[in-house]
Amino acid sequence: MADVIGPNSYLPGRRLKPLLGVMCDEHPTVLSVTRVVGETDSYGSEINDLCQECVDLMDEQIKETSSGNCDWCKNHSPELVKHRDYEEGSTGPVYDVCAACISKENDCIAENYASDLNQDSSSDLDDDQDNEILDFDDSDIRQDDD
Ligand SMILES: [Zn+2]
Ligand SMILES: [Zn+2]
């Protein structure tokens, strides 16, 4: 029986263990072989119980719908991936995103990480400059040895 679960980190198409003795959503006389995560948003996911025939059908549909316009750059891509924005967390909304946008996002994460490191090291440099003021020339003191 189809089900709805609360916020989760599943992506649509994710296969879960079937429940024992549960019938297919489409075929009330056929036992389901798997549970598949369907429509997913930040509120939760629809879970579908499917028999082998329905799973095969779904696989065909996934192949057909994997091309389209990217939700982020709006460009048409032959291969869209179900993807979450890392800034919105692992239970945030799911987007259809092209490979270019995903690699751009990965670069962004790497840059943010690198700039954090730079900020730490620049504060260390300020400390060093303060120390240099204490390294004064001691030639004035030696004149008293006369
Ligand atoms: Zn079925
Ligand atoms: Zn894109």
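1. What share of the contacts in the chain with a separation of 6 or more comes from residues 24 or more positions apart? In this model, which is predicted, such residues account for 46% of those contacts. Buried residues, for their part, make up 14% of the 146 residues in the chain.

2. On secondary structure, the chain holds three helices and eight strands, and from the N terminus on these elements follow one another as β-β-β-β-α-β-β-β-β-α-α.

3. Four of the strands form an open sheet, whose order is S1-S4-S3-S2 and whose pairing is antiparallel. Strand S1 (3-5) and strand S2 (15-16) stand at the edges with a single partner strand each, so that one side of each is left without a neighbour in the sheet.

4. S1 and S4 run antiparallel and are joined by three bridges, and Ile 5 has Ser 45 in S4 as its bridge partner. S2 pairs with S3 in the antiparallel sense over two bridges, and the bridge partner of Leu 16 in S3 is Arg 35.

5. The largest nonpolar core consists of eight residues, namely Tyr 10, Cys 24, Val 36, Val 37, Ile 47, Leu 50, Cys 51 and Cys 54. Strand S3 (34-41) and strand S4 (44-50) are the elements that give two or more residues to this core. Apart from it lies another core, of five residues, which include Cys 70, Leu 80, Cys 98 and Cys 101.

6. Val 30 is found in the loop between S2 and S3, and it is classed as partly exposed because 14 other C-beta atoms lie within 10 Å. Between Val 30 and Glu 53, which are 23 residues apart in sequence, the C-alpha to C-alpha distance is 9.6 Å.

7. Is Glu 53 buried or partly exposed? Glu 53, in helix H1 (residues 52-65), is partly exposed because 13 other C-beta atoms lie within 10 Å. Its C-alpha atom is separated by 9.8 Å from that of Glu 26, a residue 27 positions away along the chain.

8. Gly 68, found in strand S5, counts as partly exposed because it has 13 C-beta neighbours inside 10 Å. With its neighbours within four places in sequence left aside, Gly 68 is in contact with His 76, Leu 80 and Asp 96, and among these Leu 80 belongs to the core of five residues. Cys 98, named in that core as well, is 30 residues from Gly 68 in sequence and 9.0 Å from it in space, C-alpha to C-alpha.

9. Lys 74 deserves a check of its backbone. Most residues other than glycine have a negative phi, whereas phi of Lys 74 is near 65 degrees, a positive value in a residue other than glycine. Lys 74 lies in the loop between strand S5 (68-69) and strand S6 (76-77), and it is exposed because 8 other C-beta atoms lie within 10 Å.

10. Where in the chain does Pro 93 lie? Pro 93 is placed in the loop between strand S7 (80-84) and strand S8 (94-98), and it is exposed because 12 other C-beta atoms lie within 10 Å, the cut-off for this class being 12 or fewer. Leaving aside neighbours within four places in sequence, Pro 93 is in contact with Asp 41, Ser 42 and Glu 88. Pro 93 and Leu 11, 82 residues apart in sequence, are 9.8 Å apart in space, C-alpha to C-alpha.

Key
Residues are numbered from 1 along each chain as its sequence is written. Chains are lettered from A and ligands numbered from 1 in the order in which they are written. This is a predicted model: local features need pLDDT of at least 70, side-chain atom pairs count only at pLDDT 80 or more; totals for chains, interfaces and linings use all residues. A nonpolar core is a set of buried Ala, Val, Leu, Ile, Met, Phe, Trp, Tyr and Cys residues joined through C-beta atoms within 7 Å. A residue is buried if 20 or more other C-beta atoms lie within 10 Å of its own, exposed if 12 or fewer, and partly exposed in between; C-beta atoms are placed from the backbone. Two residues are in contact if their C-beta atoms, placed from the backbone, lie within 7 Å. Two strands pair if DSSP finds at least two bridges between them.
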